[in-house]
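Please have a look at the sequence and the model before I go on.

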Amino acid sequence: YIILLVIELIMIRDFVPGRNSWTKEGMYMEVRKECDSDMTYHVGRMINGLSHQLKRQMCTLEEESGLTNMQSLVLHFIAFQTMERDLYQKDVEKAFQIRRSTATGILQFLEKEGYIYREAVERDARLKKIVPTEKTVELHGHIIANIHYMEDVLREGIPREDMETCMRVLEQMSANLAGNEKDRGKETKHE
């Protein structure tokens, strides 16, 4: 029974609609045609590749501080934002477009490592304000230097007008994805 199921799955996988062929090559060519005519596939692949390259470049900071790139970015955000206002977990979720569980994990790690602490707010004991520690203040300069360095590397040789266009396009793509999440009922909840 299992062997028949596997054979059936292989046949379905290799079937090319509109043809009487069951070859892997036929299926590959049909998928490739669809992907080549749909530039979204290439944009997603490019963004994914850039993301991986950026993460590899940021490994230096991770090795020196024990923080991942995302933890460093969140820590920088906390250090910068708390100079001007009170900051809460929902602010981190919104700024980085991450789910509550992801933000909780990052903030718990930063708290455990002594970079932040959370204190209750008088008006609502359930609400915890994020406060950077002295350890964060000391590391903040290094994080800023790394972020500026990576921004310079990313922008090298790109005219200002092209960068402005790029930023507008990336913001629109982000808005498109956010709208798609809402349509699918998978919107990140910010409570």
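In which helix is isoleucine 106 found? Keeping in mind that this is a predicted model, we find isoleucine 106 in helix 7. Because its relative accessibility is 10%, and buried means under 20%, isoleucine 106 counts as buried.

Leucine 75 lies 31 residues away from isoleucine 106 in sequence, while the two C-alpha atoms are 9.3 Å apart in space.

Let me turn to the core. The largest nonpolar core has 18 residues, and those touching the most other members are Val74, Leu75, Ile78, Leu110, Tyr115 and Ile116. Two or more residues of this core come from each of helix 5 (69-81), helix 7 (100-112) and helix 8 (134-155). Leucine 110, with the same exclusion of residues up to four places away, is in touch with Leu67, Gln71, Val74, Leu75, Ile78, Tyr115 and Ile116.

Finally, the chain as a whole. Its secondary structure amounts to nine helices and two strands, arranged along the sequence as α-α-α-α-α-α-α-β-β-α-α. Of its 191 residues, 24% count as buried, and the chain exposes about 14100 Å², of which carbon and sulfur atoms supply 56%. Among contacts between residues at least 6 apart in sequence, 46% join residues at least 24 apart.

How values were computed:
Residues numbered from 1 in each chain as written. Predicted model: local features only at pLDDT ≥ 70, side-chain atom pairs only at ≥ 80, totals over all residues. Heavy atoms only, no water. Core = buried A, V, L, I, M, F, W, Y, C linked by side-chain atoms within 4.5 Å. Buried < 20%, exposed > 50% of the residue type's maximum accessible area, 1.4 Å probe, protein only. Helix = DSSP H or I, 4+ residues; strand = E, 2+ residues; numbered from the N terminus. Contact = heavy atoms within 4.5 Å. Areas by Shrake-Rupley, 256 points an atom, 1.4 Å probe, with all protein chains shown as cover.
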